[in-house]
Protein chains: 2
Amino acid sequence: LETLDTYKAILGEIGKLRSAESLLAWDQQTHMPGAGSAARADALGKLSRLGFELATSDELGQCIEELEARDDLSDEEAASVRDVGRQYRRQKAIPPDLFEAFTIAQSKGQAAWAEARAKADFAHFRPNLEKLVDFARQFAEYYGYEDTPYDALLEPFEPGMTSRRLRKIIEPLKAELVPFLERIAAEGTPPDADVLVGSFPVNMQREMSRRTLEIIGYDYGSGALDDAPHPFTTEIAHGDVRITNRYEEDDPVSGLFGALHEGGHALYGQGMGENLYKLSLSDGASFGIHESQSRLIENQIGRSRPFWRFFQPIIGEFLPQLAGVDAEALYRAVNVVSPSLIRVEADEVTYNFHIMLRFELESALINGETAVADLPALWNDAMQRYLGVSPNDDADGVLQDVHWSMGAFGYFPSYMLGNLYAAQVATALRADRPNLDAEIEAGDFEPLVSWLREKVHQFGGVHRAEDLIRRITGEGLNAKHFIDYVVGKFSDIYRL
Amino acid sequence: LETLDTYKAILGEIGKLRSAESLLAWDQQTHMPGAGSAARADALGKLSRLGFELATSDELGQCIEELEARDDLSDEEAASVRDVGRQYRRQKAIPPDLFEAFTIAQSKGQAAWAEARAKADFAHFRPNLEKLVDFARQFAEYYGYEDTPYDALLEPFEPGMTSRRLRKIIEPLKAELVPFLERIAAEGTPPDADVLVGSFPVNMQREMSRRTLEIIGYDYGSGALDDAPHPFTTEIAHGDVRITNRYEEDDPVSGLFGALHEGGHALYGQGMGENLYKLSLSDGASFGIHESQSRLIENQIGRSRPFWRFFQPIIGEFLPQLAGVDAEALYRAVNVVSPSLIRVEADEVTYNFHIMLRFELESALINGETAVADLPALWNDAMQRYLGVSPNDDADGVLQDVHWSMGAFGYFPSYMLGNLYAAQVATALRADRPNLDAEIEAGDFEPLVSWLREKVHQFGGVHRAEDLIRRITGEGLNAKHFIDYVVGKFSDIYRL
């Protein structure tokens, strides 16, 4: 067992450095004073380099090779070697000089993007994006792929997923939901969103989020809730999974749904045993599966009628102006469907359209079928096709997301996959627990969380996404569940 | 300049690791959830090991040796080489096996101490303390000394200080202040402490501390105030000097003085240029000098009559129950003199006595003149001699401080030196700025802080403590200033 011990020891050392790095990054967004940012960047760079050195060391490479040949490993150990090996080879695949040039292009790209967005001037960002696309295309060649270069970039976010498969998944979604959205607009009775209009003290919203996280089973004994400009969840270590959130004075629920979303991610992190952290399996089965856990809590539960029957008195307790609004009105108001220009403001019906267009554009870029110069026009066309709206300028269009400016191609599909996995898992959940609605309405989240623990959380990254979904639902990813869910729910809300 | 560049680069790398380590340690006391503690200890251990490896590397040793022979270094560079060289040699002096055995004895010692203190049972701690004393005696031999082994342990806290010198400093303090304390008790008119009795909401005390720190010039743009079980200041990096504090519901001023004390430390850290951080000179001239900055703000300023004339309306704003108490009554109430069993609760007149007895006992232990077994009896005797009080049990006596359980001998004198330096610096300050009292009474702290910046802060660790004091006051450390200050102030308060 010598090699296995060495392997685990190296992962242990990497884990300590990554844990420190996570804390520094978390603090950077939460408590760090502005004047500390230069020194923080240096310290983060140092930790990242040390971690990278260990993660690409010959010693680790030898362990992986030896362990891959062994058949006496536990399921967890084998999964760890599979994933760590995959990451090791990807990191070794890129020549160090090329990677360094890429990191420079990334930081220049982000700066140019921020400026371009502020000025709504895509031309200012275009040369940077061209370079980043070029790097990504080179990387794809180094990583290798079976079908298209883009598949090599999808891999780290959704191992095993391909663009061919994604296109298949998208087909029925598009076919069913584009007309459904048109029907909602044409024939639907929209909820009264005005019941949520007002001014709601941020400190009360914060306390409401704190309490809501407690209610859904988030454990503050191994976590913390802090303010940050953008909500995120960070797994600093086993026993330390923190959430950040932000609140809008003129919106009583955006902070609440932020907390529920991050709470879903955090329950996943808190539901994994220490062993998974030690074996570097604590990132979960894939980005899409992780997102499914946040979407399930945020949407399948948090935007459901039983939840609002339960939550109505609680929101009234924290935000007394809303005490007189009944549960049904609240439920309807948090489920307004409205084609928006901005992805992060999208509702359940329209969200995936934002992803589809990004996937189509970025895969065409990487596969060499589209030029960067054509992006703005293609973006606006696609928005019109999917959502029937067009941005006034590129700031609200092709420049709205940070991802491409960081050279992160292949990330966007995870958001859509999260929605689809969530719906499919929720179907299985409802079949297993026919009383779920009554439990949620009674404020009893324990059965829900126990079920997620048993079916999803406890495995961390042991099973691949597709295998995990098959274990839970008896079939591979199937967009039908999402379509049924959305059409059913919103036909009711919009009285179609 | 090749070697100097290498030297600075190594310090830079050490600095990044130490910065990360400081943040992890700060978070451990402030935001970390309980379940994260095991992983945190691992991550801290890793960072500490990496820092130690760099700080004891042959490459750094060679740089130090070459740079020590050069005469073209700037004052800052020369001071850096002097201090880094001293630390390097100390760290290299101890055989690694011995040091590892010591760290184990430290953690066992702390556990045994905590248990012994809880049970008020010194015998439970005695064998651990004997081991720790034995390690310290061995270390002293490795470090080397001119006069007594204890001097080798004083060195890292107060470079250049010796026990012979300390004894000389203590003589007049003892001669003057023991009878003065007796006179206060026998003939003094005590202030009415009851004006501060009541229940004071912690959140209002926290806001008052926040505001007070702002008033004295603490910069939140390069700092932060957080709750922690014990107040401390931590220099995470240039531009990031944080304070923690704690508040007692039944004491309206302990949190306030905690904030002023830490504020004094933090102003020192915020008053040093980036260059000092990069050269590892940001710890200040010595522990005693650092403590002088906290004591000056806490006592010389915060417990002064002009301060309370200024602060009276502010305390009333945050703690309305106190709005009716006049400035003079508040000033007197925060200056009650009362021999206490516990060091950290001691007033300005009695505090140094607590240090004298610890210094006498620990130096005797290290120099082999006293056995650990005799400590409790010697402690109680000394308390009676200095303060006229005796603890009921060892929890309130010899077991009250954590320092010895960590093997930290030679630390205590810094607290007393801080008081003495503060009084001596304050004498010079008042001579330089005859309007100081009027400025403080008007709430104008800018001239005070500018003076401290110019005379103390900007130099960080460039000048040694004794040199710095001589530069500022024209003479070496002289306890007379403290005696005059205390006798003058408390003769007035106690109407002697």
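In chain B, strand 2 and strand 3 pair in the antiparallel sense over five bridges. Strands here are DSSP runs (E, at least two residues), as are helices (H or I, at least four residues), and both are numbered from the N terminus; two strands pair if DSSP finds at least two bridges between them. The model is predicted, so local features need pLDDT of at least 70 and side-chain atom pairs count only at pLDDT 80 or more, while totals for chains, interfaces and linings use all residues. Residues are numbered from 1 along each chain as its sequence is written, chains are lettered from A and ligands numbered from 1 in the order in which they are written, and side-chain values use heavy atoms, with hydrogens and water left out.

Within this pairing, B:Thr234 has B:Arg242 of strand 3 as its bridge partner. The hairpin of the two strands has two residues between them, and B:Gly239 takes a positive phi near 90°.

Chain A has a hairpin too. Strand 2 (residues 232-237) and strand 3 (residues 240-245) of chain A pair in the antiparallel sense over five bridges. A:Phe232 stands opposite A:Thr244 in strand 3 of chain A. Two residues lie between these strands, and A:Gly239 in the turn has a positive phi of about 85°.

How do the chains relate to each other? Two copies of a chain are related by a rotation about an axis and a shift along it.

The same surface serves both copies, as 100% of the contact residues of chain B recur in chain A. Contact means heavy atoms within 4.5 Å, and 35 residues from chain B and 35 residues from chain A take part. Between them the chains bury about 2,300 Å², 64% of it on carbon and sulfur atoms. Buried area is the accessible area (1.4 Å probe) that two parts lose on being put together, summed over both. In chain B, the residues that lose the most area to chain A are B:Lys16, B:Pro33 and B:Lys46, together 21% of what that side buries.

Charged side chains also meet across the interface. The rule finds eight salt bridges between chain B and chain A, a salt bridge being a side-chain nitrogen of Lys or Arg within 4 Å of a carboxyl oxygen of Asp or Glu. B:Glu13 forms one with A:Lys46, the closest N and O atoms being 2.7 Å apart. On the side of chain B that touches chain A, helix 1 (2-30), helix 2 (37-55), strand 2 (232-237) and strand 3 (240-245) each supply at least two residues. Helix 2 gives the most, with nine residues.
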